[in-house]
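Please study the structure shown below and work through the exercises that follow it. Each task is followed by a solution in steps.

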Amino acid sequence: MKITFEDGNTLTFTSGEGREVVENTTDVINVTYWLWAFASPRVYSRFSRVQPRDHVLRLLDIYISYVEKGGRVAAPQYQPVHYELRLPLAMRLRELFEQWRQPELPQEIVDISRALVEHEGIKEPACGWDAYEDPEARGIKYEDSLLWPEGVPAILKGQWPPKQSKC
């Protein structure tokens, strides 16, 4: 797969054998959604299931490849953004998930996830990570909006896209 950024740079995700590891660009974006979940233990603790380690590692491999190429998810919400800090943090996060004993989230995983969200140029919740509640958007739980091994539950259940209000 190849992604072309606004500045004309391209990013191609492949494995060591040269085969693609990302089926579409949503995998890259979904990694950041998972980072948001890991950054908020209150949200994560309410999930009805635990993210499989192999799936987390696959997503982190995608993220690491993306970071190595200088990718950006979105326009930053503030300046300056220290994009250069992402790679060592992502590598450390991968190491932690290799040793992860589910379902607990060690504080270092929480801290690094928060830092990676910040270093993507995304502001933390206005209330702070520790007060952030499990958001439900138009009847879709946060857990069901994340990419799981079988897909995104909200899509699989026919809940996506959410119905627009008539107002």
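The exercises go from the overall fold to single residues.

The model is predicted, so local features need pLDDT of at least 70 and side-chain atom pairs count only at pLDDT 80 or more, while totals for chains, interfaces and linings use all residues. Residues are numbered from 1 along each chain as its sequence is written, and side-chain values use heavy atoms, with hydrogens and water left out.

**Exercise 1. Describe the overall fold.**

Step 1. The protein has six helices and four strands; helices (H or I, at least four residues) and strands (E, at least two) are DSSP runs, numbered from the N terminus.

Step 2. Along the sequence these elements follow the pattern β-β-α-α-α-α-α-β-β-α.

Step 3. Of the 167 residues, 43% count as buried. Buried means under 20% relative accessible area, exposed means over 50%, and partly exposed lies in between (1.4 Å probe, protein chains only).

Step 4. Contact means heavy atoms within 4.5 Å. Of the contacts with a separation of 6 or more, 64% come from residues 24 or more positions apart.

**Exercise 2. Describe how helix α1 packs against helix α3.**

Step 1. The axes of α1 (residues 26-39) and α3 (residues 53-68) are 9 Å apart and form an angle of about 115°. Axes are lines fitted to C-alpha atoms, for helices over the stretch in contact, and angles run from 0 to 180 degrees between N-to-C directions.

Step 2. The crossing of α1 and α3 is left-handed, that is, the near helix is turned anticlockwise from the far one by less than a right angle; clockwise would be right-handed.

Step 3. On the α1 side the contact residues include V31, W34, L35 and F38, and on the α3 side they include V56, L59, I62 and Y66.

Step 4. By class, this contact of α1 with α3 has ten nonpolar, one polar and two charged residues. Ala, Val, Leu, Ile, Met, Phe, Trp, Tyr, Cys and Pro count as nonpolar, Asp, Glu, Lys and Arg as charged, and the others, Gly among them, as polar.

**Exercise 3. How many aromatic pairs does the structure hold, and why is the pair of F38 and F97 called tilted?**

Step 1. There are twelve aromatic pairs. Rings of Phe, Tyr and Trp (its six-membered ring) pair if their centres lie within 6.5 Å; planes under 30 degrees apart count as stacked, over 60 as edge-to-face and the rest as tilted.

Step 2. The F38 and F97 ring centres are 4.9 Å apart and the planes stand at 45°, so this pair is tilted.

Step 3. F38 belongs to helix α1 and F97 to helix α4 (residues 86-98), and 59 residues separate them, which makes this a link between distant parts of the chain.

Step 4. F38 is buried because its relative accessibility is 3%, and F97 is buried because its value is 0%.

Step 5. W34, F38, Y44, F47, F97, W100 and W148 form one aromatic cluster.

**Exercise 4. Where does W100 lie, and which residues does W100 touch?**

Step 1. W100 is in the loop between α4 and α5 (107-118).

Step 2. With a relative accessibility of 2%, W100 counts as buried.

Step 3. Leaving aside residues up to four places away in sequence, W100 touches Y44, V50, Q51, R53, V56, L105, P106 and I109.
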